[in-house]
Amino acid sequence: MGVRVGDTGLRVEHRARVAILPTTKLGWWAVGLAAAFFPLVFATALVPRGAALGFACGLAGGVAGVVAIMRQHERAVTVFAGVAPLVVALAFALAQLF
C-alpha cells in the first residue's frame, strides 16, 4: 500500500525554479538578436558594416528583452542577459555624443 503525500500530513514545499531558456516567442527573439550582437561587433574587420548591424541587433534584442520582461513576464536568465547589449550600445552611443 502506498502512502500519498496528502495523507501523511507532511507539508511539501516547492522551490521556485530558475528558468534558463525563454518561454515566450519574444524572449527567443531577444536572446537570438542579443547573441548576434557580439560576433558582429567583434568581426568588424571581416564583415563590412558589421558593427552597425551588430549595434542594430543589440538595440533590437535589448528592446525585445525589456518588452518580454515587462509585458509578458518573462523570467528566463538568458532574457535578462539579453538586455546587456542594449546597455552597451546605448553607453557607446552616449559616449560618442558627449
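Among contacts in the chain between residues at least 6 apart in sequence, what percentage join residues at least 24 apart? I looked this up first, keeping in mind that the model is predicted, and I found that the share is 58%.

**Entry on the overall make-up.** I went through the chain from the N terminus and noted the order α-α-α-α-α, with five helices and zero strands. I then checked burial and found that, of the 98 residues in the chain, 28% are buried.

**Entry on the aromatic rings.** I looked for aromatic pairs and the count came to four. F37 belongs to helix α2 (residues 25–42) and F55 to helix α3 (residues 50–71), so the pair ties together parts that lie 18 residues apart in sequence. Both F37 and F55 are buried.

I followed F55 onward to F92 and noted a stacked pair, with 5.1 Å from centre to centre and 15° between the planes. This pair links distant parts of the chain, since F55 sits in helix α3 and F92 in helix α5 (residues 84–97), 37 residues apart. I also looked up the accessibility of F92, which is 43% in relative terms, so F92 counts as partly exposed.

**Entry on the cluster.** Finally I asked which residues come together here, and I noted that F37, F38, F42, F55 and F92 form one aromatic cluster.

Definitions and conventions
Residues are numbered from 1 along each chain as its sequence is written. This is a predicted model: local features need pLDDT of at least 70, side-chain atom pairs count only at pLDDT 80 or more; totals for chains, interfaces and linings use all residues. Side-chain values use heavy atoms; hydrogens and water are left out. Helices (H or I, at least four residues) and strands (E, at least two) are DSSP runs, numbered from the N terminus. Buried means under 20% relative accessible area, exposed over 50%, partly exposed in between (1.4 Å probe, protein chains only). Contact means heavy atoms within 4.5 Å. Rings of Phe, Tyr and Trp (its six-membered ring) pair if their centres lie within 6.5 Å; planes under 30 degrees apart count as stacked, over 60 as edge-to-face and the rest as tilted.
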